[in-house]
Structure formats: structure tokens, C-alpha cells
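Thanks for making time this morning.

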Amino acid sequence: MQFSGYKEYSEGRNCSVWVYVKIEGYKKNTYTMYTSGVKFDQPVHYEIMGNDQYEMDYMNYSDEAPPSSVFDIMEGLFVELYKQNVCIILFTVPVFSRTE
């Protein structure tokens, strides 16, 4: 991850911009994180650009860990979805660590 400079984002908010580029064969993905302040303080916006494009804005961000119960799977949920022929897709999005 490299510091790319400063850029105004949403409502005149001046952000630090951090970019990571990953190339695998002919495929190139660019990950861009906008943060408040000079350091990697609070995430503001995140973009993934490649064959597809994904963007997300951060609102009410907290760097405190959520209670473990938010990761509990409701009992019977997957069985019920399976009966209804619902496909469940899980994916992860790389998030930059302050140590990178």
C-alpha cells in the first residue's frame, strides 16, 4: 500500500488516499482507501477497480471489535434456505492494515 496524496471526497472532505495495485497475469485490480486525517485514522471510502467495480462508504465507523454474537449463525437458517433453494455466497474484501 502506498500513499498517493490528498483528494477531496464527499462534501469537501479532504482525505488521504492510499492505493494498492495487484496484477495477476492479465488481470489488474486497484484497491483505493480514502481516510480522514494525515494518518490512517478513520476510513471514509473504499474502491476496488478491476474487471468489476465496487465502492463503499463508511458511516458511523468504530474501530472497536463488535460483540462476538454478531457472528453467530441463527439456528436453522441454512437448513431453511437450503429447502428454498437459496444460494448463499460469502466473500471477503481486503482491508488495509495500519501496519502495511
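When I say contact, I mean heavy atoms within 4.5 Å. With that in mind, residues 24 or more positions apart account for 22% of the contacts in the protein with a separation of 6 or more.

Please keep in mind that this is a predicted model, in which local features need pLDDT of at least 70 and side-chain atom pairs count only at pLDDT 80 or more, while totals for chains, interfaces and linings use all residues. Residues are numbered from 1 along each chain as its sequence is written, and side-chain values use heavy atoms, with hydrogens and water left out.

The confidence score, pLDDT, is given by the predictor for each residue from 0 to 100; its mean over the protein is 76, and 66% of the residues reach 70 or more.

As for the elements, which are DSSP runs numbered from the N terminus (helices H or I, at least four residues; strands E, at least two), the protein has five strands and one helix, in the order β-β-β-β-β-α from the N terminus. Confidence is highest in strand β3, residues 27-36, at a mean of 92, and lowest in helix α1, residues 77-83, at 55.

Strand β3 is also where Ser36 sits. Is Ser36 buried or exposed? Buried means under 20% relative accessible area, exposed over 50%, and partly exposed in between (1.4 Å probe, protein chains only); Ser36, at 13%, counts as buried. Setting aside neighbours within four places in sequence, Ser36 is in contact with Arg13, Asp41, Gln42 and Val44.
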